[in-house]
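Please look over the model below.

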Amino acid sequence: MTSAAKNASSGSVEYTLLDASGPLGAPDGARTVVRLVTICLAGEAVAACVPLAASELIWPRPRFDMRRWSTVFPLGMAGLVSLRMSRVFHLEVVWDLGRAVSWPALAVWLVVAAGALRHVRNIAGGHDRPST
(Lines give C-alpha, C1' and ligand atoms only; values in the text may rest on other atoms or scores of the structure.)
Protein backbone atom coordinates (compact mmCIF):
# COMPACT_ATOMS: atom_id res chain seq x y z
CA MET A 1 0.00 0.00 0.00
CA THR A 2 1.43 3.40 -0.91
CA SER A 3 1.87 6.11 1.67
CA ALA A 4 -0.84 8.18 -0.03
CA ALA A 5 -3.27 5.25 0.24
CA LYS A 6 -2.44 4.82 3.92
CA ASN A 7 -3.12 8.50 4.61
CA ALA A 8 -6.32 8.46 2.56
CA SER A 9 -7.65 5.31 4.20
CA SER A 10 -6.93 6.17 7.81
CA GLY A 11 -6.16 9.86 8.00
CA SER A 12 -4.07 9.05 11.02
CA VAL A 13 -1.15 10.95 12.40
CA GLU A 14 0.69 7.69 12.91
CA TYR A 15 1.03 6.98 9.21
CA THR A 16 2.03 10.56 8.54
CA LEU A 17 4.80 10.32 11.12
CA LEU A 18 5.92 6.99 9.69
CA ASP A 19 5.96 8.39 6.19
CA ALA A 20 7.94 11.40 7.34
CA SER A 21 10.57 9.27 9.04
CA GLY A 22 10.76 6.37 6.59
CA PRO A 23 10.15 6.51 2.84
CA LEU A 24 11.18 10.15 2.53
CA GLY A 25 14.69 9.14 3.49
CA ALA A 26 14.84 10.96 6.80
CA PRO A 27 18.05 10.22 8.65
CA ASP A 28 18.07 7.83 11.59
CA GLY A 29 18.60 10.80 13.89
CA ALA A 30 15.23 12.24 12.91
CA ARG A 31 13.54 8.91 13.63
CA THR A 32 15.26 8.78 17.01
CA VAL A 33 14.01 12.27 17.87
CA VAL A 34 10.43 11.36 16.88
CA ARG A 35 10.61 8.18 18.98
CA LEU A 36 11.92 10.09 22.03
CA VAL A 37 9.26 12.78 21.67
CA THR A 38 6.62 10.02 21.42
CA ILE A 39 7.83 8.38 24.63
CA CYS A 40 7.89 11.73 26.45
CA LEU A 41 4.43 12.76 25.29
CA ALA A 42 2.92 9.36 26.10
CA GLY A 43 4.47 9.51 29.55
CA GLU A 44 3.19 13.04 30.08
CA ALA A 45 -0.32 12.09 28.96
CA VAL A 46 -0.38 9.18 31.40
CA ALA A 47 1.14 11.28 34.19
CA ALA A 48 -1.54 13.94 33.64
CA CYS A 49 -4.17 11.32 34.45
CA VAL A 50 -2.93 11.11 38.05
CA PRO A 51 -4.04 14.61 39.16
CA LEU A 52 -7.21 14.21 37.12
CA ALA A 53 -8.13 11.01 38.97
CA ALA A 54 -7.00 12.50 42.29
CA SER A 55 -9.29 15.52 41.83
CA GLU A 56 -12.25 13.17 41.27
CA LEU A 57 -11.42 11.42 44.55
CA ILE A 58 -10.76 14.61 46.53
CA TRP A 59 -13.83 16.48 45.25
CA PRO A 60 -16.39 13.76 44.53
CA ARG A 61 -19.69 14.53 42.87
CA PRO A 62 -22.11 12.02 44.36
CA ARG A 63 -24.75 12.53 41.70
CA PHE A 64 -24.35 12.31 37.96
CA ASP A 65 -22.77 15.37 36.45
CA MET A 66 -22.13 15.92 32.73
CA ARG A 67 -18.71 17.29 33.67
CA ARG A 68 -17.62 13.74 34.46
CA TRP A 69 -17.13 13.19 30.74
CA SER A 70 -14.26 15.69 30.98
CA THR A 71 -12.52 13.09 33.13
CA VAL A 72 -13.41 10.13 30.95
CA PHE A 73 -12.24 11.62 27.65
CA PRO A 74 -8.61 12.42 28.59
CA LEU A 75 -8.20 9.03 30.29
CA GLY A 76 -9.43 7.19 27.23
CA MET A 77 -7.44 9.29 24.79
CA ALA A 78 -4.20 8.94 26.77
CA GLY A 79 -4.59 5.18 26.70
CA LEU A 80 -5.60 4.97 23.05
CA VAL A 81 -2.89 7.29 21.76
CA SER A 82 -0.24 5.45 23.76
CA LEU A 83 -1.36 2.08 22.41
CA ARG A 84 -1.46 3.31 18.80
CA MET A 85 1.88 5.07 18.95
CA SER A 86 3.50 2.02 20.53
CA ARG A 87 2.51 -0.02 17.48
CA VAL A 88 3.69 2.62 15.06
CA PHE A 89 7.11 3.05 16.63
CA HIS A 90 7.44 -0.47 18.09
CA LEU A 91 7.93 0.85 21.63
CA GLU A 92 7.07 -1.62 24.35
CA VAL A 93 7.33 1.00 27.12
CA VAL A 94 4.65 3.14 25.45
CA TRP A 95 2.46 0.03 25.09
CA ASP A 96 2.80 -0.55 28.85
CA LEU A 97 1.81 3.05 29.56
CA GLY A 98 -1.23 2.70 27.32
CA ARG A 99 -2.33 -0.51 29.01
CA ALA A 100 -1.86 1.07 32.43
CA VAL A 101 -4.41 3.75 31.53
CA SER A 102 -6.78 1.90 29.20
CA TRP A 103 -8.37 -0.47 31.70
CA PRO A 104 -9.09 2.20 34.33
CA ALA A 105 -10.38 4.44 31.51
CA LEU A 106 -12.79 1.72 30.42
CA ALA A 107 -13.97 1.23 34.00
CA VAL A 108 -14.54 4.97 34.44
CA TRP A 109 -16.36 5.13 31.09
CA LEU A 110 -18.70 2.30 32.13
CA VAL A 111 -19.49 3.98 35.47
CA VAL A 112 -20.14 7.37 33.87
CA ALA A 113 -22.20 5.86 31.04
CA ALA A 114 -24.31 3.96 33.58
CA GLY A 115 -24.79 7.19 35.52
CA ALA A 116 -25.83 9.00 32.35
CA LEU A 117 -28.38 6.31 31.49
CA ARG A 118 -29.76 6.38 35.02
CA HIS A 119 -29.97 10.17 34.87
CA VAL A 120 -31.87 10.05 31.56
CA ARG A 121 -34.21 7.39 32.96
CA ASN A 122 -34.91 9.55 36.02
CA ILE A 123 -35.62 12.60 33.87
CA ALA A 124 -37.94 10.58 31.61
CA GLY A 125 -39.76 9.26 34.65
CA GLY A 126 -40.14 12.73 36.14
CA HIS A 127 -38.01 11.89 39.19
CA ASP A 128 -35.31 14.38 38.50
CA ARG A 129 -35.08 17.72 36.79
CA PRO A 130 -32.31 18.29 34.27
CA SER A 131 -29.55 20.50 35.55
CA THR A 132 -28.91 23.74 33.71
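How many residues does α4 have, and how far does α4 reach from its first C-alpha to its last? The helix has 21 residues and reaches 30 Å. That is close to the 30 Å expected at 1.5 Å a residue. The model is a predicted one.

## Overall make-up

The protein holds five helices and zero strands. Read from the N terminus, the order is α-α-α-α-α. Of its 132 residues, 26% count as buried.

Residues 24 or more positions apart account for 54% of them. The accessible surface comes to about 9000 Å². Carbon and sulfur atoms hold 69% of that surface.

## The buried residues of α4

Helix α4 covers residues 69–89. Its buried residues include Thr-71, Val-72, Leu-75, Ala-78 and Gly-79. Further along, Ser-82, Leu-83, Met-85, Ser-86, Val-88 and Phe-89 are also buried. An α-helix has 3.6 residues a turn, so residues three or four places apart point the same way.

Is Ser-86 buried or exposed? Ser-86 lies in α4. Its relative accessible area is 4%, under the 20% cut-off, so Ser-86 counts as buried. Beyond its neighbours within four places in sequence, Ser-86 is in contact with Leu-91, Val-94 and Trp-95.

## The end of α4

Phe-89 also belongs to α4. Its relative accessibility is 5%; buried means under 20%, so Phe-89 counts as buried.

His-90 follows α4. The phi of His-90 is positive, near 55°.

## A nonpolar surface patch

Which residues form a nonpolar patch on the surface? They are Phe-73, Met-77, Leu-80 and Val-81. Together they have about 370 Å² of accessible area.

Val-81 lies in α4. Why does Val-81 count as partly exposed? Its relative accessible area is 42%, which falls between the 20% limit for buried and the 50% limit for exposed, so Val-81 is partly exposed.

Definitions and conventions
Residues numbered from 1 in each chain as written. Predicted model: local features only at pLDDT ≥ 70, side-chain atom pairs only at ≥ 80, totals over all residues. Heavy atoms only, no water. Helix = DSSP H or I, 4+ residues; strand = E, 2+ residues; numbered from the N terminus. Buried < 20%, exposed > 50% of the residue type's maximum accessible area, 1.4 Å probe, protein only. Contact = heavy atoms within 4.5 Å. Areas by Shrake-Rupley, 256 points an atom, 1.4 Å probe, with all protein chains shown as cover. Patch = residues over 30% accessible without salt bridge, like charges linked within 9 Å, V, L, I, M, F, W, Y side chains within 5 Å. Salt bridge = Lys/Arg side-chain N within 4 Å of Asp/Glu carboxyl O. Expected span 1.5 Å × (residues − 1).
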